[in-house]
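Let's take a friendly walk through a protein structure, one part at a time. Keep the picture in view as you read.

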Amino acid sequence: MADQITLQVARYRPEEEAEPTFQEYDVPCPKDWVVLDGLNYVKDRLDGTLSYRWSCRMGICGSCGMTVNGEPKLTCATFLSDYAPGPVRVEPLRNFPVIRDLVVEIGDFMRKLSTVKPWIIRKDHKPLSDGEYLQTPQEMEEYQQFSMCINCMLCYAACPIYGLDQEFIGPAAIALAQRYNLDSRDEGARERLEVLSQHEGIWGCTFVGECTEVCPKDVDPAGAIQRYKLTAALDSLQAFLVPWSAR
Amino acid sequence: MSERPAPTEYHPRWFRPRVSTYWWLERRSYLVFILRELSSVFVAWSVVYLLLLVRAVSQGDSRYEQFLAWSDSPVVLVINIVSLCFVVLHAITWFNLAPQAMVVRVLGKRVPGRWIMASNYVAWALSSALVVWLVLGA
């Protein structure tokens, strides 16, 4: 195995350049090094001006999502040796504005995420003295898959619909809405439905399915969206057939 | 849905990459998706063709013979062969996606996705066998 590998890193310095360029760096390529290790080597030893986000290095924080050889990846979970003999092209996540080098602007996602109220909503809270809200393992299984989302935004980078229409609320926000809708302790499905049943919500999705393919935590946002479409359609049908039913 | 993000004092100039017109050629999965969407046109054509067939049958032998002669023309033949390919693609791609959209429970346990997929193919095979029996056997 080669002991060095070339990283072709996208650089964008807004004060100097109108659009990104590529800069090459040769970094060591031990078997246990991930792309993020390569970038850290560049930052520490070769070029301290390189900007990128990272934090936990263990696939939990969701900060280090980038485009590696054209694919959205968590760079802390993408081994350099898998790309030997290289080169490895590292670019910012697609479909987001680039602030600098590999750092993208994530405000759009953060705003959309809050609109679906990704927290447990209850009409009445029972007193603490009554203890926890208990759940059966089966009730937990209903939403557990969707609760694994780490907001890494790889799904947004893979979604061509979001790339073409930035109004689309996007895969992770819908998957997280579904995570709470399916939670037996939650009573906020109606509030979320008002946001998600809009055109820019679930109906914007045309089921490309790439969000699920690239998800590093097997969340299956595409599945969540299709299931939500069924819920919204049944809700509309019920409202049409039984207009006096409680909404 | 949300306000479009805007640059701030500290991040004065963002680079907004443009999505290529040919984005659907960038990945195989995007191409399959576009072909799947396109297949709807051919599914619609298949329905129209079937309705034309039913109408011709209902209007007597001579109209039916005319319809068969028209169907035998090279243009209609090519359209129907292409349509068949797209309808098969349509069926396969949607059958394969069905488990993601359907959550089926039997006796409280979730039915595995491959069973849902397989049940679609079995239903397809049975209905095709029925059609073959009706056309050839009856």
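## Two prolines in a loop

Start with Pro87(A), which sits in the loop between strand 4 and strand 5 of chain A. The peptide bond that leads from Gly86(A) into Pro87(A) is cis, and its omega is near 0°. Keep in mind that this is a predicted model.

Pro85(A) also lies in the loop between strand 4 and strand 5 of chain A. Here the bond from Ala84(A) to Pro85(A) is cis, with omega near 5°. For background, most peptide bonds are trans, and most residues other than glycine have a negative phi.

## Two residues with positive phi

Which phi value does Asn69(A) have? It is near 45°, a positive value in a residue other than glycine. You will find Asn69(A) in the loop between strand 3 and strand 4 of chain A. Asn69(A) has 16 other C-beta atoms within 10 Å, so it counts as partly exposed.

Asp220(A) has a positive phi too, near 65°. Its place is the loop between helix 8 and helix 9 of chain A. Is Asp220(A) buried or exposed? With 23 other C-beta atoms within 10 Å, Asp220(A) is buried, because the cut-off for that is 20 or more.

## The domains of chain A

Chain A is assigned two stretches: domain 1 (4–104) and domain 2 (107–241). Their centres, taken over C-alpha atoms, are 30 Å apart. Where they meet, twelve residues of domain 1 of chain A are in contact with twelve residues of domain 2 of chain A. On the domain 1 side, strand 3 and strand 4 (71–74) of chain A are the elements that give two or more residues. That side has six nonpolar, five polar and one charged residues.

Now look inside. The largest nonpolar core has 68 residues, and Val90(A), Met153(A) and Ile174(A) are among those with the most contacts inside it. Helix 6 (residues 171–181) of chain A gives the most to this core, namely seven residues. Both domain 1 and domain 2 of chain A supply at least three residues each. Leaving aside residues up to four places away in sequence, the residues that Ile174(A) touches include Leu196(A), Ile202(A) and Tyr228(A).

Helix 1 (residues 35–46) of chain A has twelve residues and reaches 15 Å from its first C-alpha to its last, close to the expected 16 Å. Its buried residues are Val35(A), Leu36(A), Gly38(A), Leu39(A) and Val42(A). Seen down the axis of helix 1 of chain A, these buried residues fall within an arc of 160°, so they line one face of the helix.

That buried set packs against strand 1 (4–11), strand 2 (21–28), strand 3 (65–68) and strand 5 (88–91) of chain A. On the other side of helix 1 of chain A, Asp44(A) and Arg45(A) are exposed.

## Chain B and its partner

Helix 1 (residues 28–58) of chain B has 31 residues and reaches 45 Å from its first C-alpha to its last. Phe33(B), Arg36(B), Ser39(B) and Phe42(B) are buried in this helix, and the buried residues pack against helix 3 (74–101) of chain B. Gly60(B), with a positive phi near 105°, follows helix 1 of chain B.

How many residues of chain A are in contact with chain B? There are 34, and they meet 23 residues of chain B. Among the elements of chain A that each supply at least two residues to this side are helix 2 (107–115) and helix 9 (221–241). By class, the side of chain A that touches chain B has 13 nonpolar, nine polar and twelve charged residues.

Terms used:
Residues numbered from 1 in each chain as written. Chains lettered and ligands numbered in written order. Predicted model: local features only at pLDDT ≥ 70, side-chain atom pairs only at ≥ 80, totals over all residues. Contact = placed C-beta atoms within 7 Å. Helix = DSSP H or I, 4+ residues; strand = E, 2+ residues; numbered from the N terminus. Nonpolar A, V, L, I, M, F, W, Y, C, P; charged D, E, K, R; others polar. Expected span 1.5 Å × (residues − 1). Buried ≥ 20, exposed ≤ 12 C-beta atoms within 10 Å, placed from the backbone. Arc of directions from axis to C-beta. Domains from an automatic or database assignment. Core = buried A, V, L, I, M, F, W, Y, C linked by C-beta atoms within 7 Å.
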